[in-house]
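Please open the structure in your viewer and keep the selection tool at hand.

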Amino acid sequence: MNNKLYNLRLLKRAVLPILASALILGACKKAILQLNNPDSPTPGSSLVTEGGIDAFAQGIFYKWIATELTDGNLNFFDIAWYMESNMGDEDFTPYSNYGSRYPMNIASITLPAPYGTVVPNPSGFATQLDILRSFNTRAAGDGNSIQYEWDCFYYVNAQANILLKSLENPALTLSGDAATKKKLLQAWAYFWKGYAYSKIGSTYLAGVVDDSPDSTALGLTSSTYVTHDAMITAANNNFETAASIFGSITENVDYDNTFKAIIPSFNLPGNILTPANWVRQIKSFEARNYLANHKVAAMTGTDWTAIMNLASAGMTQSDFTLQWGSAGAGIPDLTKFGYDFHPMVLHTAAGGQLSFISERLIQDIMPGDQRFTKYFEPFPTGIVVNVLNRGIQFGTRYAALDIEKGGKYATETWAPSATVPIAPAWEENALMMAEANIYLGNVDAGLQLIDQVRASQGAGLPTLAGSGITADSALVHLHSERRIGLYLHNVSWYDARRWGITTPVAQGGGRYGNIVVPGSLLGSNPTPPPAVLSCLIDYSFSDYWDVPQNELDYNPANANSAPVKN
């Protein structure tokens, strides 16, 4: 891998628990979708016991961890997560490790008058698509940005497939209310299949629906790639199967104990999702899938009604959602593999400062919002300007205040409270309903929901409901609230795409955003200090990524496939 360009403490980390080491799948040098026969060598002997099957179900989380070349274990889930945060311009990562900065390859930034300078991206690639294509090869190794999300979620899907097969083994022995335990584990597997297909369908131009637990042995890996919309359909079908099973379960002590057994200790297993909670979470996820994959400019009342119907059956304020946390320093979890992999840890010097707070995130917070003063601070070492000359979008005046100092979005010590939701939370569901209401003409109903989210997070802003503001003004508040209220909820990229912000400026996209402009672009003799200016940003991002060549080299698309490249 490239030499590390950011300051990570090269600490020796404790190895994964035995469970994790048994379940981790390394980087494939064959088709990613083709997995080893689960009974050769056998985990079958362990999957007929209750402890073994529960550990295997928890192992879905450990499928986030894989290797690429000589890097050792990496958290592919986190790498994909922060790349999406970068494209959504809530955070930025200016380094080349794992191809991190390439998805944030902005086409150009135009300075305001009196300068008017058009500053192209210094990478030498005109657009994001160009730079991603150049690294979309197996030869690029860990520099191929688009491999991580694909790999991660097909690994997750494969684990879920094997779990479903194993639950049908008549030799499996479960104590107590065995029927309830089995149903929970089945629904868990179908939920994660829906999750995996949702991520593939919301990210890539095409994907493969792979429901076989034994792809290699039976030759069932499909070379028919289907459209991203078809992947979302497959995702929702799996979600509906999970919801049907959850709907047949009555919570009892055996349900609760099994739930706790399949959630890692650092991911808040005590926050038990009841069967009804699961069904509501699934409806919220289906609403997200619909919203994330439709451009607002093309949406009609029918679309907004569909979202309203799904979200109305979705998460309530008292519901729990799945969380991703970390254990204390030195304790094995999903973050510590020689380098640190968690959004809140990567915001800190102790975690390597791989991620920085975007100026555009701060700009989008409403004046007087207490979340700004409570959770952000001036960058400790001073203003950050055009890191490594990688692009002037890579600059900021701000940092996330550590949880240890009363903040919310950063931790130096892997604090137990440093968790992020990995599925839709109530706030997201409420804001989907708010947006639908506004577009359907129910502006005040939408404003009431925005007020509820703000009140729940201690924003301290004036009430919007009853203010009589226009629909356009209501949408400004809605956009702001989705930015800060859903910060680190893994939706900022979907929002930027569907709102048209990442569309080329020539096609009506882009935005005016705050940029830390280096003094060298502002004058000379003498060179002035850097200044924050509102500039026209032309992102020109692809809506969906090409299928990774790592997959296509071993599983070429057949003649019946949907397009796999832009």
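In which hand does H3 pass H5 at their crossing? The crossing is left-handed, a term used if the near helix is turned anticlockwise from the far one by less than a right angle. The model is predicted, so that local features need pLDDT of at least 70 and side-chain atom pairs count only at pLDDT 80 or more, while totals for chains, interfaces and linings use all residues. Residues are numbered from 1 along each chain as its sequence is written, and side-chain values use heavy atoms, with hydrogens and water left out.

**First stop: H3 and H5**

Select residues 76-87 for helix H3 and residues 147-167 for helix H5. Helices (H or I, at least four residues) and strands (E, at least two) are DSSP runs, numbered from the N terminus. The two axes come within 8 Å and cross at roughly 135 degrees; axes are lines fitted to C-alpha atoms, for helices over the stretch in contact, and angles run from 0 to 180 degrees between N-to-C directions. H3 is therefore oblique to H5, since angles under 35 degrees count as roughly parallel, over 145 as roughly antiparallel, 65 to 115 as roughly perpendicular and the rest as oblique. Among the H3 residues that meet H5 are Phe76, Phe77 and Met83, where contact means heavy atoms within 4.5 Å. On H5, the residues met include Tyr148, Cys152 and Phe153.

**Second stop: H8 and H10**

Next, select residues 228-247 (helix H8) and residues 275-292 (helix H10). Their axes come within 9 Å and cross at roughly 165 degrees, which makes H8 roughly antiparallel to H10. This crossing is left-handed. Contact residues include Phe239 and Phe246 of H8, and Trp278 and Phe285 of H10.

Now display the open sheet of 4 strands, whose order is S5-S4-S14-S13 with antiparallel pairing. Two strands pair if DSSP finds at least two bridges between them. S5 (118-120) and S13 (511-517) are at the edges with a single partner strand each, so one side of each has no neighbour in the sheet. From one strand to the next, the twist averages 40 degrees.

Select S4 (residues 108-110) and S14 (residues 531-538), which pair over 3 bridges. Here Ile109 is opposite Ile537 in S14. S13 and S14 pair over 7 bridges, and Ile515 has Leu533 in S14 as its bridge partner. Of the 7 residues of S13, 6 are buried, so the strand is largely enclosed by the rest of the structure. Buried means under 20% relative accessible area, exposed over 50%, and partly exposed in between (1.4 Å probe, protein chains only).

Two cis peptide bonds can be displayed here. One joins Ala113 and Pro114, with omega about 10 degrees; Pro114 is in the loop between S4 and S5. Another joins Asn525 and Pro526, with omega about -5 degrees, and Pro526 is in the loop between S13 and S14.

Select Trp499, in the loop between helix H17 (492-498) and S13. Is Trp499 buried or exposed? Trp499 counts as buried, at 18% relative accessibility. Not counting residues up to four places away in sequence, Trp499 touches Val296, Glu435, Leu478, His479 and Arg482.

Finally, select Asn389, in the loop between strand S10 (376-378) and strand S11 (398-400). Its phi is near 55 degrees, a positive value in a residue other than glycine. Asn389 is exposed, with a relative accessible area of 58%.
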